[in-house]
Amino acid sequence: MNITVNGESRELDSPCTLLEYLQSQGIDPDAVVAELDLVIIPRENFGSVRLVQGVSLEILHFVGGG
Amino acid sequence: MQNLPKLTIGGVELESRLFIGTGKYGDDSLIPAVCEASASQVITVAMRRVDRGGTGVMGHIPSHMRLLPNTSGARNAEEAVRLARLARAAGCGNWIKIEVISDTRWLLPDGYETAKATEILAKEGFTVLPYINPDLYVARACADAGAAAVMPLGSPIGTNRGLRTKEMIGILIEDIDLPIVGDAGIGRPSQACEAMDMGADACLVNTGIASSSDPVAMARAFAQAVQAGRAAFTAGAGAVSAGNAIASSPLTGFLR
């Protein structure tokens, strides 16, 4: 199964939840915001939203800036 | 010090008139000490894609700081609005610094797109602080669009060149009935002091602190400069004489 994450193509073995994906990548879910196919996913829904074939996911966080 | 009136933005009363940034620190672990030395209560951050293994800046920001995420990276109003909504989803409040830049050489903000984004986000309940050229019409458009303050640039971002736009910022201070936050290019405490002394309501300093040899000491110096400038503005400077010298000592009773 193929999805796009932050503009790059990624292979997943099977559909999973957003929370499972973040954990599999070592990303702290409390430190990021996520947008799935241009829709913002509230953090409380990370565990229920499923990543399926073809979706485009953006994962962002705060970095240093002025 | 006398009891000076406090700055209020978006209904929030601020003790400190110095806003700081989090960009360009050689070592982000300096940020807590910079926050303390600056006594600032408002701090900017940017929003970017997570890199594998990359860490964000939030772990270095003391919890009492009010976060002012910027929309840097946005090239038009639509992208700025998207970033602002994502920033709010992070759960760190509803303040947003609109930054819409499509020119990568000068990094000057696009006033039209900035005003458009300001209007959309103000209607959505954001406290919007647009970063602008000190242009009267852009500032008025942002004010009409519901901005909570405007942030005119002193000189191009990151240049430390100071208040090259002083005359234009002076016009905004005179004309725009919103807090004026001097932003961009303020590289030295004397320049921040100058902005405050002419009536700016606050200054945002990032590069000036972060690129100095001792950011913690420089943060303290900026804090003192901003306070001194504000106090001077409130005190009201004496008249400037264009002509001859005017003696400060009596012109009678000389020893001869």
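Modeller: Chain A of this predicted model has 1 helix and 7 strands, where helices (H or I, at least four residues) and strands (E, at least two) are DSSP runs numbered from the N terminus. Read from the N terminus, these elements follow the order β-β-β-α-β-β-β-β. Residues are numbered from 1 along each chain as its sequence is written, while chains are lettered from A and ligands numbered from 1 in the order in which they are written. Because the model is predicted, local features need pLDDT of at least 70 and side-chain atom pairs count only at pLDDT 80 or more, whereas totals for chains, interfaces and linings use all residues, and side-chain values use heavy atoms, with hydrogens and water left out.

Along the principal axes, the C-alpha atoms of chain A fill a box of roughly 40 × 25 × 25 Å. Of the 66 residues in chain A, 47% are buried, meaning under 20% relative accessible area, with exposed being over 50% and partly exposed in between (1.4 Å probe, protein chains only). Contact means heavy atoms within 4.5 Å, and among contacts in chain A between residues at least 6 apart in sequence, 54% join residues at least 24 apart.

Turning to chain B, Thr118(B) lies in helix α3 (residues 111-123) and is buried, with a relative accessible area of 0%. Leaving aside residues up to four places away in sequence, Thr118(B) touches Ile98(B), Val128(B), Pro130(B), Cys142(B), Ala145(B), Gly146(B) and Ala147(B).

Elsewhere in chain B, Ala217(B) belongs to helix α8 and counts as partly exposed, at 33% relative accessibility. Although Ala217(B) and Ala37(B) are 180 residues apart in sequence, their C-alpha atoms are 7.2 Å apart in space. In the pairing of helices α1(B) and α8(B), Ala33(B), Val34(B), Ala37(B) and Ser38(B) of α1(B) meet Pro215(B), Val216(B), Ala219(B), Arg220(B) and Ala223(B) of α8(B).
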